[in-house]
Amino acid sequence: MKEIVLKSLSSAIVVFLILLVILVLGQIPFWDEINSLAEVLPAKEFYLIRSQDDKIVTILKNNLNGTVAKYSIISVERGDVINMNLSESLNIGGFINFGDTICRLISGETIYQLVRLEGLISNEIATLDFYKSGEKSSIIEEARRRFEYAQQQMEYQKKVLERARVLYEKNLISPQEYETIENTFNLYQANVLIAKAQLEALETGAKPEQIKLIETRIKSLRSELEALKQKAQSYIITSPISGVIFKISAGDTILSIADTSSFCCLIPVNVDRRAKIKKGQIVEIKTSKLLRARVSDIENSVRVINLKQMVIVRAVMEGKNEDLVPHLVAKCKIKLERVKLFDYIYSFVKQIF
């Protein structure tokens, strides 16, 4: 009987000690943390894209704050032909500096208009010089020949337009081809009017009003030429960032550049745990080595990922990490706060289920 009492007492002591240990351990603080996956992104990304409607689109993304810093579209005009020449120095893994030329877009229509405007300006300047220096019979005769030649060009193009109209009405040529022929006729018709005006002015003698009119016309043409040159300059695409080329000719994406001077990461977190996430909390990211980041932003919108409602947490990585690759996916932990063991176990079980 005594032995039974001693055994019962020993068992009670063991149970008491176990409960005491559990109670003590339950008071020890543990890190409450969220386990997830992080997509590692460079500080900035630049994309050169050919859209489905043949527009050239450039996008500069700032991943540190989740914004699009710059967006531009280069549209191809109807009937125009655009050639793109990428710089030969571009290669996967290569480094490109801010302001370096990525590619040049060559527009056939823009080149034609530049040459046309420069020719018109030269003609107007020559006419102005003629007026100011006094007219000679040889100059008048030359102007008359230009007028006659312009008429011949217009008459010939008129016949071409008439034939094209018949073909167009029978759907034998495209609207673009007919429009090009019609525009050429209009240009020749304008040249006739200009040549005629120059001839009449030379024959009747120059007046101050005529000289002023020509000077105004030259100024207007030069303004138009300058605007066209600025448009042509926009067809030269340069890099808005310094970084590494990590993609060339992948689908609609022609080129991608990443600014790897710093990195951030996007972390999906269950919406139920959003309230516990605060800016500045530490994030541990496990790649080939353990990296650290700090929470910088928490999205207010909810996304459904794997049939679960999630929010996206953005964290900026500390220090320089030259070994990281853009869009790497790695395991991570968000360190929330120190909690007691019982609360930690409850939170862990809830996170699983």
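Me: What makes a set of residues a nonpolar core?
Reply: A nonpolar core is a set of buried Ala, Val, Leu, Ile, Met, Phe, Trp, Tyr and Cys residues joined through side-chain atoms within 4.5 Å. Buried means under 20% relative accessible area, exposed over 50%, and partly exposed in between (1.4 Å probe, protein chains only). One caveat: this is a predicted model, where local features need pLDDT of at least 70, side-chain atom pairs count only at pLDDT 80 or more, and totals for chains, interfaces and linings use all residues. Residues are numbered from 1 along each chain as its sequence is written, and side-chain values use heavy atoms, leaving out hydrogens and water.

Me: Which residues have the most contacts inside the largest nonpolar core?
Reply: Ile267, Val283, Ile285 and Ile334, in a core of 23 residues. Strands E1 (29-50) and E9 (253-270) are among those that each supply at least two residues of this core; strands are DSSP runs of at least two residues, numbered from the N terminus. Apart from it lies another core, of 17 residues, including Leu90 and Ile254.

Me: Why is isoleucine 73 called partly exposed?
Reply: Its relative accessibility is 45%. Partly exposed covers what falls between the buried and exposed limits, so isoleucine 73 counts as that. Isoleucine 73 lies in strand E3 (residues 67-74).

Note on methods
Helices (H or I, at least four residues) and strands (E, at least two) are DSSP runs, numbered from the N terminus.
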